[in-house]
Amino acid sequence: MAITGSGAISFSQINDELAETSTNTLDILSAAQQFTGLLDDNTISMNEFYGLTFQAGSGTYGTRNSHAFRFVIEQDGTKKGFADGQLVDAAENDDTGLNSAAGEAVTGQSDFVDDYIDDDLTNGDTVFANASVLGAALTNLRPGGDFASGTHFMLDTTTNDIFQIDSNADVSNVVSRVPSNPSHSMTANDADEITIKITSDTIVTRDLLLYRDGTFIDNVLPTSSGSIGNTGVDTNFTYTGLSIGTSYTIGVRQANTHNSSSLVTADYSTTAASTDWSSVPGNFNMHIPDATDGFADSLISGALTATLSGTGGTTQVTCQQPTGNADLFVALSTSGDPGTGATFNSSNPTISHSSGTLHMRFKLVEPNNSSPFSAEDLTITFTNTGGSETATDDTLTINAKIVER
C-alpha cells in the first residue's frame, strides 16, 4: 500500500513500502533512489514520499535527460513561450499564427528534465539548466527567467508534447502534439442529408477532416482550437447530396501539419423516401343545368392544382364515375394549366410526377341519349408511387349533376 498522503511519515512506513524490516536503519538518499520516479531536485525531504508506492515511476533517480524545446523569439531577441491560444502553432513547430509585426519566430534550446519516466514528459517534472545533479540551476526558459511573467507553453520535440512551464520550472498541462481521436454522432437526417456533431479535444487541432465511405469529402475548422481549455469542443457538419434511404460510413479525423488522429467511423442512414400531398383542391360543383336531350353536352372545370412533396415517381388521378353513362374525365400537366383544349379521354390517367405542382382540369360529359341524374358526390383520389412510399387517399369531392331541359 502507498505511504500516507498527509500528516507525519515515519521511517518504518518507508521501510514497510520497500518491503524491509520496519526497524531497519534507513538512508533517505538510498530510499529515494529506490522509489524510481521521485524527482531529483538536489534535495530530499520527507514530504516528497507522500502517497508514493514503491517503483511508482520508471525514471532513474540521480539522472536528468536532455530534451529539445521549441519556443518563441522576437526580432529583438526577447524569448517567450507560446501563448495560450497559439498551441496549434506550438504543436506544428510553426510561426504561422505568431505576431509577424514583432518579428516573432520559433527557435530552440535543449535543457535537462528530472523526469518521472525516463525520456518522457509528465506533469510535475522539473526542467534544469544542466545534467549534473549537483547543479540546482533551473532552466532559463521560464517565467522569471528569460520569459516574462505570465502563462507560457513550449514544445518538447524529444517527447512530442506541448506543456506549460511555471516560474519554478515545473511542468504542467502536458498534451501530445498529435491530435486526439474525435467522437461523433448523428444529430439530424433527411432524404438527402446527414448532420453530425463532432466532439473532440481541439487543443492542437488545425482541421477536422471529413470522409464518406472512405473517401475524403472536406476539411473544416473546429468551432474553437489552440487553447488549453479546448476540451470537448462540438463542431457540426452536414453531408449533402446523399441518396434516399441509404447507409453511409461517415469518418472524421483531426489533423495539424505535424500529424493526425486515427480515422473514427460510424454508419448513419438517410431517411426513406417520403411523399406527401398538400394543397389538394377544395370540393366544388360541376352541374349541367340545361342539357339537351339527344345531344352531347359537357362542362369543363377551372384550372386546379395540387402539390406533391417528396420523391414520388408516377401520379394517378382516379375519378369516381357518375350514375348512368355520363363520364367524368381529367386532364393532367406538370408544366402548367392543361387548358380547355386538352385531351380528356381517361377517368384515371397517370403522369410522370416526382414532386411539385400538378395542374389539372376536370370535364363532365353527357353523351347522346344519356340519362340525367340528380346531384351526387364523386370522389377524386390522388395517388403517387415513388421510392418506397405511396401517398394516396388525399381526395377531393366533386358534386356532379346533369339536368335536361
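H152 sits in strand β5, which spans residues 152–156, where strands (E, at least two residues) and helices (H or I, at least four residues) are DSSP runs numbered from the N terminus. This is a predicted model, in which local features need pLDDT of at least 70 and side-chain atom pairs count only at pLDDT 80 or more, while totals for chains, interfaces and linings use all residues. Residues are numbered from 1 along each chain as its sequence is written, and side-chain values use heavy atoms, with hydrogens and water left out.

**The chain as a whole**

- The protein chain contains 3 helices and 24 strands.
- Of its 405 residues, 39% are buried, a term that stands for under 20% relative accessible area, with exposed meaning over 50% and partly exposed lying in between (1.4 Å probe, protein chains only).
- The chain exposes about 18,300 Å², of which carbon and sulfur atoms supply 44%; such areas come from the Shrake-Rupley method with a 1.4 Å probe, and for residues only the protein chains shown count as cover.
- Among contacts (heavy atoms within 4.5 Å) between residues at least 6 apart in sequence, 65% join residues at least 24 apart.

**The surroundings of H152**

- H152 counts as buried because its relative accessibility is 7%.
- The side chain of H152 reaches two backbone atoms, namely the nitrogen of G81 at 3.0 Å and the oxygen of A148 at 2.7 Å; a polar contact is a pair of N or O atoms within 3.5 Å, and within protein one must be able to donate a hydrogen and the other to accept it, while residues adjacent in sequence count only if both atoms are side-chain atoms.
- When neighbours within four places in sequence are left aside, H152 is in contact with K80, G81, F82, P143, F147, F163, Q164 and I165.

**An open sheet of four strands**

- An open sheet is formed by 4 strands in the order β11-β10-β13-β14, with antiparallel pairing, where two strands pair if DSSP finds at least two bridges between them.
- Its edge strands are β11 and β14, each of which pairs on one side only.
- Neighbouring strands of this sheet are turned by 25° against each other on average, direction ignored; the axes are lines fitted to C-alpha atoms, for helices over the stretch in contact, and angles run from 0 to 180 degrees between N-to-C directions.
- Strand β10 (residues 207–212) and β13 pair in the antiparallel sense over 6 bridges; within β13, D207 has A255 as its bridge partner, and L209 has R253.
- On its pairing with strand β14 (residues 264–269), β13 also runs in the antiparallel sense over 6 bridges, and the bridge partner of Y248 in β14 is Y268.
- Strand β13 (residues 247–255) is largely enclosed by the rest of the structure, because 7 of its 9 residues are buried.
- As background, strands of a sheet pair through backbone hydrogen bonds, either parallel or antiparallel.

**Nonpolar cores**

- The largest nonpolar core has 26 residues, of which L328, L358, M360, F362, I380, F382 and I398 touch the most other members; a nonpolar core is a set of buried Ala, Val, Leu, Ile, Met, Phe, Trp, Tyr and Cys residues joined through side-chain atoms within 4.5 Å.
- At least two residues of this core are supplied by each of β16 (284–291), β18 (304–309), β19 (314–319), β20 (327–333), β22 (356–366), β23 (373–386) and β24 (389–404).
- A second, separate core of 13 residues includes L208, L210, V220 and Y248.
- In soluble globular proteins, nonpolar side chains tend to be buried together.

**Three further residues**

- E92 belongs to helix α3 (residues 87–92) and is buried at 9% relative accessibility; apart from neighbours within four places in sequence, E92 is in contact with R177, R206, N256, T257 and H258.
- A137 lies in the loop between β4 (126–128) and β5, is partly exposed at 41% relative accessibility, and, neighbours within four places in sequence aside, is in contact with F128, A129 and N130.
- The C-alpha atoms of A137 and V127 are 9.2 Å apart, with the two residues separated by 10 residues along the chain.
- T231 is placed in the loop between β11 (215–220) and β12 (233–239), is partly exposed with a relative accessible area of 46%, and touches S200, D201 and I203, not counting residues up to four places away in sequence.
- Although T231 and S200 are 31 residues apart along the chain, their C-alpha atoms are separated by 6.5 Å.
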